[in-house]
Amino acid sequence: MKDQIVICCPYWGMKHLTYPEFAKLAHSQGFQGVEVAIDPLLQNVCEVKKYFDDYDLKLIVQLPYAAGLTAEIMRGQFLRMIEECLQYDLFWLNCHTGRDYFTFDENLLFLTESQNLIRGSSTCLSHEIHRGRFSYDPMRILAYLQESPDSMLTADFSHWCVVTESMLENHQEVMKRVYGRCSHIHARIGHEQGAQLVDPFHMKNEAYLTTFQSWWQEIIRVGDNSDSKKILPITCEFGPRPYLLEPYDIDVTVEQWKQNGMMKDFILKNFG
């Protein structure tokens with residue numbers, strides 16, 4: 001059955017706007033949801049959610065703030081953040097999970113214990129493919145997915161492009177096995193030396209855009225071939241500096257907003 005795509009706008013780079021201002025703008029530009037990084041141990045999640053409920057926008061809470069000198073300390077904070085969020089019937093949690101320098105077993109506990117927390121919840125949870133996290137390396141990811149068979153990923157393949165200094169040409173077997181474990185997409189175009197192209201829609205970057213489009217298409221195809229209808233959030237995630245390497249005399253906020261709007265239109269045209 002065909003996935004229901006929900007196109008989301010990131011609050012990343014938009015902190016000059018209040019939550020109500022951002023909600024109004026995202027809604028007026030045709031986005032169906034938003035992704036906002038929140039520390040639920042310091043912020044009132046229920047209050048934040050209300051601002052976006054007022055505009056009928058689905059809220060993806062990004063959780064990048066767990067910290068600690070050891071895996072045990074960080075995992076405890078990470079799990080408390082998830083528990084706090086689960087009180088509020090949220091749409092989605094996108095987690096920055098573990099560290100690249102934790103052991104396999106230490107990182108695996110982040111996956112299995114977070115999965116135990118959300119079991120039976122209406123809130124979906126996925127772990128973002130990201131440099132510096134457990135998921136930074138395509139050569140290591142399959143072992144985690146095998147040991148935690150219910151854990152899902154946020155597909156931000158731009159990070160793997162940087163880590164491998166490639167367009168993943170030599171990782172096709174891994175990609176084929178990962179597509180079915182991706183329940184959320186971060187739609188940003190990276191390349192061999194960076195996580196974000198300056199202008200992904202320039203004709204000189206057509207090969208990069210086409211490659212990422214093919215990866216996202218495979219995630220959607222796998223979902224379409226499943227037995228149940230699924231919701232697939234896609235966050236248009238072009239970010240501010242230092243991701244956006246533009247001349248210093250431009251308005252970065254305007255350029256970032258333009259790129260995310262163009263990606264929204266691209267998704268609607270090709271996948272909507």
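Residues are numbered from 1 along each chain as its sequence is written, and side-chain values use heavy atoms, with hydrogens and water left out. Because the model is predicted, local features need pLDDT of at least 70 and side-chain atom pairs count only at pLDDT 80 or more, while totals for chains, interfaces and linings use all residues.

Q: Which residues of helix H2 are buried, and where on the helix do they lie?
A: Helices (H or I, at least four residues) and strands (E, at least two) are DSSP runs, numbered from the N terminus, and buried means under 20% relative accessible area, exposed over 50%, and partly exposed in between, with a 1.4 Å probe and protein chains only. In H2, residues 45-53, the buried residues are Val45, Val48, Lys49 and Phe52. Seen down the helix axis, and taking the directions from that axis to the C-beta atoms, these buried residues fall within an arc of 100 degrees, so they line one face of the helix.

Q: Which elements do the buried residues of H2 pack against?
A: Contact here means heavy atoms within 4.5 Å. With that cut-off, the buried residues of H2 pack against helix H1 (19-28), strand S2 (33-37), strand S3 (58-63) and helix H3 (71-85).

Q: Which residues touch the most other members of the largest nonpolar core?
A: A nonpolar core is a set of buried Ala, Val, Leu, Ile, Met, Phe, Trp, Tyr and Cys residues joined through side-chain atoms within 4.5 Å. The largest such core has 75 residues, and the members that touch the most others are Phe52, Phe157 and Val178.

Q: How many disulfides are counted, and why does Cys8 form none?
A: A disulfide is a covalent bond between the sulfur atoms of two cysteines, and it is counted here as a pair of cysteine sulfur atoms within 2.5 Å. Cys8 is buried, with a relative accessible area of 0%, and its sulfur is too far for a bond, since the closest cysteine sulfur, in Cys236, is 8.2 Å away. The sulfur of Cys124 is likewise too far for a bond, at 12 Å from the closest cysteine sulfur, in Cys95. By this rule, the number of disulfides is zero.

Q: What is the N to O distance in the salt bridge between Lys49 and Asp53?
A: A salt bridge is a side-chain nitrogen of Lys or Arg within 4 Å of a carboxyl oxygen of Asp or Glu. Lys49 and Asp53 both lie in helix H2, four residues apart, about one turn of the helix. Lys49 counts as buried at 18% relative accessibility, whereas Asp53 is partly exposed at 40%. Their side chains meet in a salt bridge with an N to O distance of 2.8 Å.

Q: Is Glu237 buried or exposed, and which residues share its network of salt bridges?
A: Glu237 is found in the loop between strand S8 (231-236) and helix H9 (252-271), and at 7% relative accessibility it counts as buried. A polar contact is a pair of N or O atoms within 3.5 Å, where within protein one must be able to donate a hydrogen and the other to accept it, and residues adjacent in sequence count only if both atoms are side-chain atoms; the side chain of Glu237 makes one with the side chain of His186 at 3.1 Å. In the network of salt bridges, Glu237 is linked with Asp156 and Arg188.
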